[in-house]
Amino acid sequence: MGFPSQSEIKRALKKLEKAEGTLAPPANPTPLEKFRHDIQQKFVGYKLTKRISQRDMAERLGVDEGKVSKILHNRISEFSTDRLIHLYEKLDPKLKLKVG
């Protein structure tokens, strides 16, 4: 068994571009990107701490389960920072954010 051909490698890379999963934060995030990632991690921490399902979290937030999945997997480009904060406040009304 040898190495795959260039065409096989290109085909595999094309499939991986469409793969769904958790996105890592950028290598050198801006302060805003870091702040947004920190908010996103609060959702993950809440889900793990409360041991709830995505469906339960979606019900608490008043959004569909697909939106919760995007947040939990750091696919937050479609969410404004204000929306992320507003959604998380539904889970933790005593939320305090620190910038800087």
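**Exercise 1. Decide whether Tyr-88 is buried or exposed.**

Solution. In this predicted model, Tyr-88 has a relative accessible area of 7%. Buried means under 20%, so Tyr-88 counts as buried.

**Exercise 2. Find out how many aromatic pairs the structure holds, and how their rings are arranged.**

Solution. There are two aromatic pairs. Start with Phe-43 and Tyr-88: their ring centres are 5.2 Å apart and their planes stand at 80°, so this pair is edge-to-face. Phe-43 belongs to helix 2 and Tyr-88 to helix 5, so the pair ties together parts 45 residues apart in sequence. Next, take Tyr-46 and Tyr-88, with 6.4 Å from centre to centre and 85° between the planes, again edge-to-face. Here Tyr-46 in helix 2 is linked with Tyr-88 in helix 5, 42 residues away. Put together, Phe-43, Tyr-46 and Tyr-88 make one aromatic cluster.

**Exercise 3. Work out how helix 3 is oriented relative to helix 5.**

Solution. The two helices pack at about 105°, with axes 9 Å apart. Angles of 65 to 115 degrees count as roughly perpendicular, so helix 3 is roughly perpendicular to helix 5. Where they meet, Met-57, Arg-60 and Leu-61 of helix 3 face Leu-87, Lys-90 and Leu-91 of helix 5. These contact residues comprise four nonpolar, no polar and two charged.

Note on methods
Residues are numbered from 1 along each chain as its sequence is written. This is a predicted model: local features need pLDDT of at least 70, side-chain atom pairs count only at pLDDT 80 or more; totals for chains, interfaces and linings use all residues. Side-chain values use heavy atoms; hydrogens and water are left out. Axes are lines fitted to C-alpha atoms, for helices over the stretch in contact, and angles run from 0 to 180 degrees between N-to-C directions. Helices (H or I, at least four residues) and strands (E, at least two) are DSSP runs, numbered from the N terminus. Angles under 35 degrees count as roughly parallel, over 145 as roughly antiparallel, 65 to 115 as roughly perpendicular and the rest as oblique. Contact means heavy atoms within 4.5 Å. Ala, Val, Leu, Ile, Met, Phe, Trp, Tyr, Cys and Pro count as nonpolar, Asp, Glu, Lys and Arg as charged, and the others, Gly among them, as polar. Rings of Phe, Tyr and Trp (its six-membered ring) pair if their centres lie within 6.5 Å; planes under 30 degrees apart count as stacked, over 60 as edge-to-face and the rest as tilted. Buried means under 20% relative accessible area, exposed over 50%, partly exposed in between (1.4 Å probe, protein chains only).
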